Amino acid sequence: EPRMARDDVIKGTDDDAIISKLSAVNLAYLDDPFVKYFVKRPSRRPPLINRGSYLRTRTLDLITEQFIKNEIKSASSPTIPSTTPIRKQIVSLGCGSDTRYFKLKAKGLSVHKYFEIDFQESSAKKAATIKKNKAFTDVIGDPDLKVGLGGTELYSKDYCLLSGDLREFEDTILPKLKAQGFDTSLPTLFLSECVLIYIEPKDSDAIVDWVGANMTASLFVVYEQINPTDAFGAMMLRNLKARNIELPGIHAYPSLKSQEERFMSRGWTLAQAVDMNALHDTLPETELKRISSLEIFDEVEEWQLLASHYCVAWACHVHGSGSKADGAA
Ligand code: SAM
């Protein structure tokens, strides 16, 4: 079945991501004691890739931390004081071997419920790694941590790893979320890091539509490729295609503007997209100095080219506020 073969290739993209992340950790770009448990054969990646993994992870970590600490500022209304305890949820779509839940909770940053979702085969591998290493179970800190569905899912007080196909969001994923206490009335961050791009736009749009229509207050963050039509973008796509990887989503959302439109055209309150060059420019001087000292980095032009092909988009939607201008990152 061609769809199954294609899905296997897509599942494999997580191996690449986590090996690159470990390379960045081992060179001290990133601090993450959990990544190593997911990599059998570590390999050092070129400086360009290390810097990319660093910036991508740092950016999404910062957004997630700000969401947890109530530092997401509103354009029109006063910021909610950070002393107000608000129950929140995070949903990581296509989580792969991502370690953000563990990294943040180990730093004392947690939410009411953190849900992770991936294909069954991927979630099974992740569940097994988590279950057998004390480093993970200590952070989960729940003596009633349960394994479900033949070892493919994990359920605990604040962390749930669920299995399923995101292309069946309403029929398959949503009932599983609800069974684990997912609450549409709580402020919720949806994270999609290099995931929606692999899905046909009709399926990713269905997720965005559902979230916009049903969540009381949501923040949706997308990290993915853009600019497929310039020379470098076309080469990037050819290289992926040679490895049997296709990015159907990139043709529907090829630019910063269209990444914003994917939310704004569906009635979201606010959306903004920036490329990785813009994010690189916001690195504090001390941080830039620190990462520059880690390894020789002289591919500045190649870096700028690469960085112009990746973006972070975020969008907010708040229901019943009576104002269109609520919520801005
Ligand atoms: N978000 C993780 C990260 O940034 O480290 C993993 C990224 S990896 C490139 C893409 C992930 O999306 C894979 O783990 C893959 O299995 C998952 N994925 C892609 N399409 C999916 C679908 N239709 N249903 C569930 N998971 C999917």
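Tutor: A residue is near a molecule if its C-beta atom, placed from the backbone, lies within 6 Å of it. This is a predicted model: local features need pLDDT of at least 70, side-chain atom pairs count only at pLDDT 80 or more, and totals for chains, interfaces and linings use all residues. Residues are numbered from 1 along each chain as its sequence is written.

Student: Which residues come nearest to the ligand?

Tutor: Look at the shell first. There are 20 residues around the ligand. Those that come nearest are D14, G94, G96, L166 and E193.

Student: Which helix gives the largest share of that shell?

Tutor: Helices here are DSSP runs of H or I with at least four residues, and strands are E runs of at least two, numbered from the N terminus. The protein chain has 13 helices and nine strands. The largest share of the ligand shell, five residues, comes from residues 2-26, helix α1.

Student: Where do the buried residues of α10 lie around the helix?

Tutor: Buried means 20 or more other C-beta atoms within 10 Å of the residue's own; exposed means 12 or fewer, and partly exposed is in between. In α10 (residues 256-264), the buried ones are Q259, E260, R262 and F263. Seen down the axis of α10, they fall within an arc of 150 degrees (taken from the directions from the helix axis to the C-beta atoms), so they line one face of the helix.

Student: Which residues does F220 touch?

Tutor: Leave out residues up to four places away in sequence. F220 then touches F190, V208, V211, F263, W314 and A315.

Student: Is A28 buried or partly exposed?

Tutor: A28 sits in the loop between α1 and α2 (47-68). Its phi is near 70 degrees, a positive value in a residue other than glycine. With 13 C-beta neighbours inside 10 Å, A28 counts as partly exposed.

Student: What is the phi of L149?

Tutor: L149 lies in the loop between β3 (146-148) and β4 (153-155). Most residues other than glycine have a negative phi. L149 is not a glycine, yet its phi is positive, at about 45 degrees.

Notes:
Contact = placed C-beta atoms within 7 Å.
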